[in-house]
Amino acid sequence: MTGIHAPQPAGPARGRRGPRGHTAAPPHGREGCTAPARPAAVCELRLFAFRSLRARTVPLGPVTVLTGPSGSGKSTVLEAYRLLAGLACGATVAETVAATRGDVTALVPQQARADAQGRRGFRLGCTVTGPAGPVRFDVAVQAEPELRVVGERLADPEGTLLSTALRDPGRRAVEATWRTSGRCRVLRAPFPDDRLTTPLLPLRVAGTNEAQRGVVTAAEQLVVALRSAFSCDPAPEAMRAPAAAREGLLRSACDNLAAVLRRTGAECTARHAALLSALREGCTGPITQLRAESCGPGLVRAVLGRGAGRADTPLEWLGDGELRYAALSLVLLTGPGVLAVDPVTEVPAACRALMVLADGMDRDLDGRQARRLLALASRMSTRGRVRLLATGPADGPLVREATAAVAAVAPGAAAGESASGAEAASDAEAGAARGTPGEADGADTGPSGTGPAGIAGVSLVDLSA
């Protein structure tokens with residue numbers, strides 16, 4: 001296993017003194033956002049010896065499309081993001097790995113050799129931007145002979161904020177060291193090795209000096225960004241069944257879409273109108289209304305109104321592509337309050353950027369629908385509310401439309417975005433600072449972009465390169 005770097009000397013900390021002595025820089029204040037600020041967002045993923053990827057750094061912009069041939073690692077990148085998000089939620093590494101494909105040994109490349117103690121594992125990392133500045137995080141996970149977290153490193157541009165290491169393999173604990181001020185430049189304490197230490201820091205660090213408050217601020221920024229993620233893979237067959245009326249949070253398979261539409265139609269007319277506008281652009285035939293109606297005791301179904309003189313169309317009668325398009329449109333228009341996610345509830349929704357993970361996003365979609373979804377994701381990302389990480393085959397409509405969107409911007413910017421995604425990440429941060437996020441602001445009632453030239457902030461990452 002690769003060791004985690006030792007902590008570096010402490011430097012000046014950012015932020016201001018907040019509740020309980022912790023640094024509180026907007027928008028991470030406990031009482032809400034008082035001024036527009038960049039929401040915490042993951043701008044880079046790093047994978048080492050994880051499934052088929054030996055070493056890969058993936059830049060993430062406001063709208064990132066991953067492409068490449070089968071087996072190039074597209075789904076693996078999204079799986080790594082989900083694993084980090086699960087760990088940031090406080091789940092054990094065993095619980096998080098159980099939700100992945102295959103058993104734990106499948107997460108390590110077959111050709112990876114064990115060390116002298118018979119240990120094999122993988123490393124994941126990310127960089128998060130936000131009010132605290134760029135924060136880097138890396139975690140090393142031992143997969144064999146037993147599953148455990150063996151090291152973490154949290155750092156800012158000035159050096160290491162937190163590091164953990166497994167000192168005694170016979171103990172189920174790691175030793176954590178974090179930055180502080182005064183004659184003792186670091187503090188140490190044991191933490192369990194079955195989960196991440198970083199999410200536990202705000203509960204253990206006193207925040208009695210600027211250095212400690214800087215550690216807490218960086219840890220909070222990382223956790224907020226990673227936990228604000230939603231995996232979306234609409235399953236048309238499941239969506240055609242009636243939904244329980246009481247279910248108000250959309251699940252990943254979107255099988256309870258009708259129940260959520262019943263809720264959004266009653267609680268947020270602006271968002272519902274925006275969804276109706278999106279359906280008009282991506283579905284066949286006139287659409288004048290979108291509603292949920294009872295279809296049995298405690299059950300509801302969604303119905304499209306077709307206008308005067310036309311029979312209404314139950315949503316389950318739509319084709320697979322139209323159903324997936326409807327569900328993905330709702331996800332991009334909505335927020336954590338309507339999705340089955342586990343966000344940091346102390347941080348207002350307007351201060352978080354939701355990352356939508358869509359593996360095989362363009363399955364069953366045509367070019368028009370893929371273009372409309374990219375345009376919708378682009379517009380929502382400029383508000384700082386939503387980011388998109390999607391995958392698609394090289395010959396699919398999503399990649400074709402993303403390629404056209406990148407080519408439609410200025411030649412210099414197009415080359416930079418497609419190569420690194422750095423400019424796209426900067427655009428997202430600038431858009432978040434300009435916007436005035438809020439519940440109604442999350443809905444865009446204007447028309448979608450009419451072509452690739454109207455889609456900004458798209459990064460195309462080819463994993464075969």
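This is a predicted model: local features need pLDDT of at least 70, side-chain atom pairs count only at pLDDT 80 or more; totals for chains, interfaces and linings use all residues.
I started at β8 (residues 173-179), which is joined to β9 by seven bridges, the two strands running antiparallel. Residues are numbered from 1 along each chain as its sequence is written, and side-chain values use heavy atoms, with hydrogens and water left out.

My conventions come next. Helices (H or I, at least four residues) and strands (E, at least two) are DSSP runs, numbered from the N terminus. Two strands pair if DSSP finds at least two bridges between them. Contact means heavy atoms within 4.5 Å. Angles run from 0 to 180 degrees between N-to-C directions, on lines fitted to C-alpha atoms, for helices over the stretch in contact.

**Antiparallel sheet**

I traced eight strands in an open sheet, in the order β2-β1-β4-β5-β6-β7-β8-β9, with antiparallel pairing. β2 (53-59) and β9 are the edge strands, and each pairs on one side only. On average, neighbouring strands here are turned by 15° against each other, direction ignored. I then checked the helices. α1 lies across β1, β2, β4 (120-129) and β5, at about 110° to β1. α4 (residues 210-227) lies across β1, β4, β5, β6, β7 (159-165), β8 and β9, at about 100° to β4.

**Parallel sheet**

I found five strands in an open sheet, order β10-β15-β16-β3-β17, with parallel pairing. β10 (229-231) and β17 (458-462) stand at the edges with a single partner strand each, so one side of each is left without a neighbour in the sheet. β10 pairs with β15 (residues 354-358) over three bridges, in the parallel sense. The bridge partner of F230 in β15 is V356. Helix α9 (residues 367-382) lies across β3 and β16, at about 140° to β3.

**Salt bridges**

I counted a salt bridge when a side-chain nitrogen of Lys or Arg is within 4 Å of a carboxyl oxygen of Asp or Glu. The structure holds 28 of them. For burial I used under 20% relative accessible area as buried, over 50% as exposed, and partly exposed in between (1.4 Å probe, protein chains only).

I looked at R46 and D138, whose side chains meet at 3.4 Å, N to O. R46 lies in β1 (residues 41-50) and D138 in β5 (residues 135-144), so the pair ties together parts 92 residues apart in sequence. R46 counts as buried at 4%, and D138 counts as buried at 14%.

R148 and D193 meet at 2.7 Å, N to O. R148 lies in β6 (residues 148-156) and D193 in the loop between β9 (186-192) and α3 (201-204), so this pair ties together parts 45 residues apart in sequence. R148 is buried at 1%, and D193 counts as buried at 2%.

E401 bridges to R371, with the closest N and O atoms 3.3 Å apart. E401 sits in helix α10 and R371 in helix α9, 30 residues apart. E401 is buried at 13%. I also noted a network of salt bridges linking R291, E293, R301, D312 and E316.
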